[in-house]
Amino acid sequence: MTSPVVFVGWGADDRVPGFYAESKFAQGAVSAAGITKKCLLTGTKLAAGSATSNQDINQIFSNDDADAFYGAGSEIARQCYKALLVPGTAVYGAPATEAGGAAAGVLTITCVTNSVATGTYQFWLDGDYYSVSIGATDNITTLAANIALAINANARGPYTAVGAVGVCTITKKSKGIRGNDGSCFQDVTKCTACITTFTLGGGGTSLTGGGIRPATGSGVEVLTTLLSVLFPGVYDYQGWAQNDATSVAAVKAQVATKAGILEGRLEEYCIASNGTLAAATSLAQTTLNDFRANWLWQINAESHPSEIAASMASKRAATEGSDPVHVYDGEVLPGIAPNRAPADIANHATLKSALNNSVTPIQTVGSNATITMLITTYSLNGSNPDYRCLQSYYVSMPDYARLDLALRWLLVIKPANPRVQDDLPISERQPVAGVWTPLRATGFMRDLQREYEANGWFSNVDAFLATAGYNLAAKRIEGIFPCPVTAGDHQFGVSVRSISQ
């Protein structure tokens with residue numbers, strides 16, 4: 001048997017006794033599974049952060065990094081905090097420039113009457129918990145000041161506060177219309193003996209369970225420059241803070257262009273909202289209707305939508321590099337608050353409506369916010385329902401295969417086959433090794449299909465075999481690689497019947 005190794009610098013004419021060895025690095029099999037998936041986040045930053053908006057793309061390894069680049073408590077820093085809760089995610093931030101003249105969202109907590117007993121006032125801002133001790137003789141000015149102190153003590157919180165005579169004014173750190181998507185809830189059960197009451201106000205939307213949203217937030221950033229900065233790179237899973245119609249349409253267009261045959265940079269993106277299902281459906285199904293998008297929705301969510309999108313994008317980036325057909329049914333979204341009011345917990349009919357209309361509903365189960373089923377926003381072919389690409393794995397698996405084929409061809413097949421020609425009749429002498437032919441390409445692709453089938457990712461491959469042919473004019477091989485993705489196990493139905501004997 002001929003030696004399978006050719007040692008450079010150690011020929012057959014060297015007969016000096018001894019042990020000889022060489023080291024070769026990065027020699028393992030090259031496949032899509034070995035590529036780290038990036039999670040990109042896109043909210044706005046504060047002036048305190050060192051990054052330059054619409055220019056810098058920073059890798060974020062810790063909350064401290066997020067604070068340094070973007071300012072503690074900024075929209076994009078808060079996105080990073082949630083994304084970093086998922087172990088193993090490669091997190092990147094690309095801050096967008098605030099809109100000119102943008103205003104911050106504002107809400108208030110009003111303290112009515114002085115305290116007459118000790119107690120504890122509890123409240124939540126965008127899901128963050130705060131607790132304020134109340135003295136037996138605290139007047140309304142002291143009460144408001146202490147609430148402001150508690151808010152300002154949370155450097156990574158999304159708000160700053162100022163206490164005045166009986167009123168604590170609470171202002172979102174990041175300016176823009178999405179500031180109005182924040183939330184404030186309170187719990188006064190531990191301070192009823194104090195007599196004083198606490199009233200949430202500021203003019204924002206009232207929420208089930210007594211909460212309120214900020215008001216006065218205004219301004220939507222223009223993404224043109226940021227998108228041009230992001231265009232050359234590949235950011236596999238993206239959590240966009242921007243959730244208005246103009247912004248999401250621009251993101252959709254860019255992601256589609258980058259995924260085209262001449263660019264080949266494959267990306268998917270997550271966007272979220274916490275308003276009505278009708279509003280979410282309009283944006284997800286009408287504005288987007290996109291294979292590469294996930295629209296996450298949680299009615300009256302306490303966690304900000306930008307953070308929900310970041311958590312989902314991070315979870316996908318950490319998971320799908322090695323498992324492109326992952327089923328997320330019932331999995332917890334790290335760092336995302338569950339619904340507080342039982343009336344806001346989506347019932348079966350609401351979940352069904354969302355899933356049939358391009359929306360991924362976030363469902364409260366116990367004390368967790370969970371993914372009902374991760375779906376794409378594509379559900380219409382023209383005006384007709386089309387669910388052939390409902391679950392996101394029907395996109396992520398073909399993307400994985402596309403990258404895998406590219407890597408194996410570029411790094412293994414092409415170096416070993418520097419020549420190419422059409423197939424010859426079986427009766428003729430076949431091309432020597434090192435010549436790539438449609439028949440050999442077909443075998444290569446079918447072997448990969450069967451490898452995926454052995455992983456459980458593909459099923460019934462024999463009915464959908466890959467094939468290749470020769471483009472005589474371009475002198476290249478072109479093929480079709482079907483992806484018969486194995487469906488996820490989402491449902492099981494049983495008729496349980498009592499038998500009287």
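Before we start: Ala, Val, Leu, Ile, Met, Phe, Trp, Tyr, Cys and Pro count as nonpolar, Asp, Glu, Lys and Arg as charged, and the others, Gly among them, as polar. This is a predicted model, where local features need pLDDT of at least 70, side-chain atom pairs count only at pLDDT 80 or more, and totals for chains, interfaces and linings use all residues. Residues are numbered from 1 along each chain as its sequence is written, and side-chain values use heavy atoms, with hydrogens and water left out.

**Exercise 1.** Work out how the lining of the second largest pocket divides by class.

*Solution.* A pocket is an open set of points on a 1 Å grid over the protein atoms alone, where a 1.4 Å probe fits, with protein on both sides within 12 Å along at least five of seven lines; lining residues have an atom within 4 Å of a point.
- Start at the centre: of the 16 lining residues, His348, Leu355, Thr372, Met373 and Gln491 lie nearest to it.
- Next, sort the lining: 5 are nonpolar, 9 polar and 2 charged.
- Finally, helix 8 gives the most, with 4 residues.

**Exercise 2.** Do the sorting again for the largest pocket.

*Solution.*
- Its lining has 45 residues, with Arg402, Leu403, Leu405, Ala406 and Trp409 nearest the centre.
- Sorted, that's 25 nonpolar, 5 polar and 15 charged.
- Helix 9 supplies the largest share, 12 residues. Helices here are DSSP runs (H or I, at least four residues), numbered from the N terminus.

**Exercise 3.** Find what Tyr70 touches.

*Solution.*
- Contact means heavy atoms within 4.5 Å.
- Skip residues up to four places away in sequence; the partners then include Lys45, Leu46, Asn58, Ile76, Cys80 and Pro95.

Conventions:
Helices (H or I, at least four residues) and strands (E, at least two) are DSSP runs, numbered from the N terminus.
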